[in-house]
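Please keep the sequence and the structure in view while reading.

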Amino acid sequence: MTSSLALISEGFETTTDGHPPAPMSDGSTKNNNSETRDELNPFHSMAHQFGLAADLLGLDAGTREVLRQPDRELTVSLPIVKDDGEIQVFTGYRVQHNFSRGPCKGGIRFAPDVNLDEVRALAAWMTWKCSVVDIPFGGGKGGVICDPRELSQGELERLTRRYTVSIMDILGPDRDVPAPDMNTNEQTMAWIMDTYSMHVRRTTTAIVTGKPIVIGGSHGRREATGRGVMLICREAMKKLGRSPEDTRVVVQGCGNVGGIGALLLHREGYKIVSISDMYGCLHDQGGLDMPAVMDYMKENGRLEGYPDTDYLDNKEQLELPCELLVPAATENQITSENAGRIQAQLIVEGANGPTTPRGQEILDERGVMVVPDILANAGGVTVSYFEWVQDRMGYFWTEEIVNSRLEQVMVKAFHSVADMAELHNVNMRTGAYLVAIDRVARVYRMRGVFA
Ligand code: NAD
């Protein structure tokens with residue numbers, strides 16, 4: 001086997017301001033001065049948020065430099081034999097941002113627009129997310145450039161197995177533990193677990209989380225991110241003095257996070273007035289019957305055609321009248337372009353990176369409370385941690401125990417962020433970064449610089 005490690009770049013080129021250059025989606029790093037392009041670059045967003053909190057913490061230049069950059073980046077070429085006998089070569093990435101506090105943890109996404117900058121940003125967000133909820137992991141993320149809708153099940157399996165083998169040198173239950181993300185699921189995790197186990201000659205369930213329960217998955221993992229979103233909404237609503245019954249909710253995205261989050265919010269008494277998938281959104285100011293909507297989605301694979309409600313273009317959805325907005329689809333949805341027209345008073349970020357820094361500034365000026373991704377969607381990684389613990393103990397918990405421990409972690413994290421934000425008179429996002437970066441920096445300084 002040719003070692004994939006040959007392709008690892010340890011540290012990478014930086015621009016004059018110390019930031020890594022922003023690769024374009026074609027992988028080039030040519031300079032692009034467009035403000036919009038910068039606003040939408042997720043690594044720039046992450047670096048901006050990091051910079052604000054690092055300044056407030058008075059972080060020394062050396063530690064700042066270490067924490068700003070990914071520790072390791074791996075790019076791999078993935079040839080597979082398609083069903084028609086032709087070879088097709090895909091590109092995959094795994095970025096490990098920081099492992100001061102424990103093994104890297106983070107999902108793997110399969111999508112046509114995956115790029116290294118996105119994976120870098122997502123890896124860093126994982127470091128801060130694990131730190132905000134105080135679980136002993138660092139941050140990593142992976143991605144494969146592909147359109148899963150164009151691949152058969154057999155092709156997807158071969159691609160997943162080839163990707164696993166190609167990044168295997170940097171994986172391991174004590175090194176880097178992947179999980180599902182966009183367009184990957186329990187089946188993908190089962191293939192990764194099997195491929196890894198066959199190579200190390202023993203069944204190693206703790207190599208990935210988000211597995212099916214029969215092979216070491218955890219009860220409650222599938223619902224964990226949505227449940228975490230619901231718990232964070234509850235805490236934020238208490239802070240704002242609002243009750244679910246008089247709160248209209250718009251949810252963007254109808255997948256693992258948005259769909260399950262909306263179901264749980266509906267069960268708590270909130271009125272879900274709109275939910276979307278990538279094709280369009282349902283809208284009913286009287287409130288949607290969420291269990292029926294999700295049944296329809298399961299049967300039809302899309303929301304369009306659901307009876308007796310309006311079906312609108314997605315462009316309109318985020319600006320619909322509501323009190324609570326839950327973006328739970330993808331990055332860069334709330335920007336300088338639309339932030340001024342958003343009507344919600346509370347935004348709870350189910351997706352990673354849905355609000356750009358400029359979008360956040362406009363929301364701040366308008367007094368909208370935003371609970372940031374690294375806190376709001378941390379329920380998934382928290383139960384992933386529980387899954388990893390259970391795999392390593394070989395002793396499994398009931399769903400009630402998982403849910404009650406998740407609740408403890410999320411509630412505690414919410415209040416530590418809210419207290420920090422109040423102490424520094426900053427928004428919840430900066431509060432969350434302050435909590436997260438301070439924890440990682442303290443560990444980093446205590447461990448010292450190995451040389
Ligand atoms: P998913 O693939 O299960 O669902 C994504 C949903 O968003 C789908 O319904 C899709 O149709 C919809 N969508 C995509 N683009 C859209 C658009 N432009 N407008 C409206 N809808 C759109 O993915 P997921 O696991 O629910 O992840 C969603 C987000 O949450 C991602 O940002 C992911 O990184 C983040 N996240 C996921 C988890 C998890 O445990 N699954 C944990 C933390 C964060």
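In the hairpin of β1 and β2, which residue takes a positive phi? That residue is Gly 85, with a phi near 90°, and the hairpin has five residues between the strands. The model is a predicted one, in which local features need pLDDT of at least 70 and side-chain atom pairs count only at pLDDT 80 or more, while totals for chains, interfaces and linings use all residues. Residues are numbered from 1 along each chain as its sequence is written, and side-chain values use heavy atoms, with hydrogens and water left out.

**Terms for the sheets**

- Helices (H or I, at least four residues) and strands (E, at least two) are DSSP runs, numbered from the N terminus.
- Two strands pair if DSSP finds at least two bridges between them.

**The five-stranded sheet**

- Five strands form an open sheet with mixed pairing, in the order β1-β2-β4-β3-β5.
- Its edge strands, each pairing on one side only, are β1 (72-81) and β5 (176-180).
- From one strand to the next, the twist averages 25° (axes are lines fitted to C-alpha atoms, for helices over the stretch in contact, and angles run from 0 to 180 degrees between N-to-C directions).
- β1 pairs with strand β2 (residues 87-98) in the antiparallel sense over 10 bridges, and Pro 79 stands opposite Val 89 in β2.
- β2 and strand β4 (residues 138-145) run antiparallel and are joined by seven bridges; the bridge partner of Arg 94 is Gly 142 in β4.
- Strand β3 (residues 104-111) pairs with β5 in the parallel sense over five bridges, and Lys 105 stands opposite Val 177 in β5.

**The seven-stranded sheet**

- Seven strands form an open sheet, again with mixed pairing, in the order β9-β8-β7-β6-β10-β11-β12.
- The edge strands here are β9 (310-312) and β12 (369-371), each of which pairs on one side only.
- The twist in this sheet averages 20° from one strand to the next.
- Strand β11 (residues 346-348) and β12 pair in the parallel sense over three bridges, with Ile 347 opposite Val 370 in β12.

**The ligand and its surroundings**

- Around the ligand there are 23 residues, of which Arg 109, Thr 225, Val 257, Met 278 and Asn 352 come nearest (a residue is near a molecule or strand if one of its heavy atoms lies within 4 Å of it).
- Polar contacts are pairs of N or O atoms within 3.5 Å; within protein, one must be able to donate a hydrogen and the other to accept it, and residues adjacent in sequence count only if both atoms are side-chain atoms.
- An N or O atom in the side chain of Arg 109 is 3.0 Å from an oxygen atom of the ligand.
- For Met 278, a backbone N or O atom lies 2.9 Å from an oxygen atom of the ligand.
- In the side chain of Asn 352, an N or O atom is 2.8 Å from an oxygen atom of the ligand.
- α7 (221-240), α8 (256-267) and β7 (271-277) each supply at least two residues of the shell around the ligand.
- The ligand lies between domain 1 (1-70 + 223-378 + 428-445) and domain 2 (72-217), because both give residues to the shell around it (domain bounds come from an automatic or database domain assignment).
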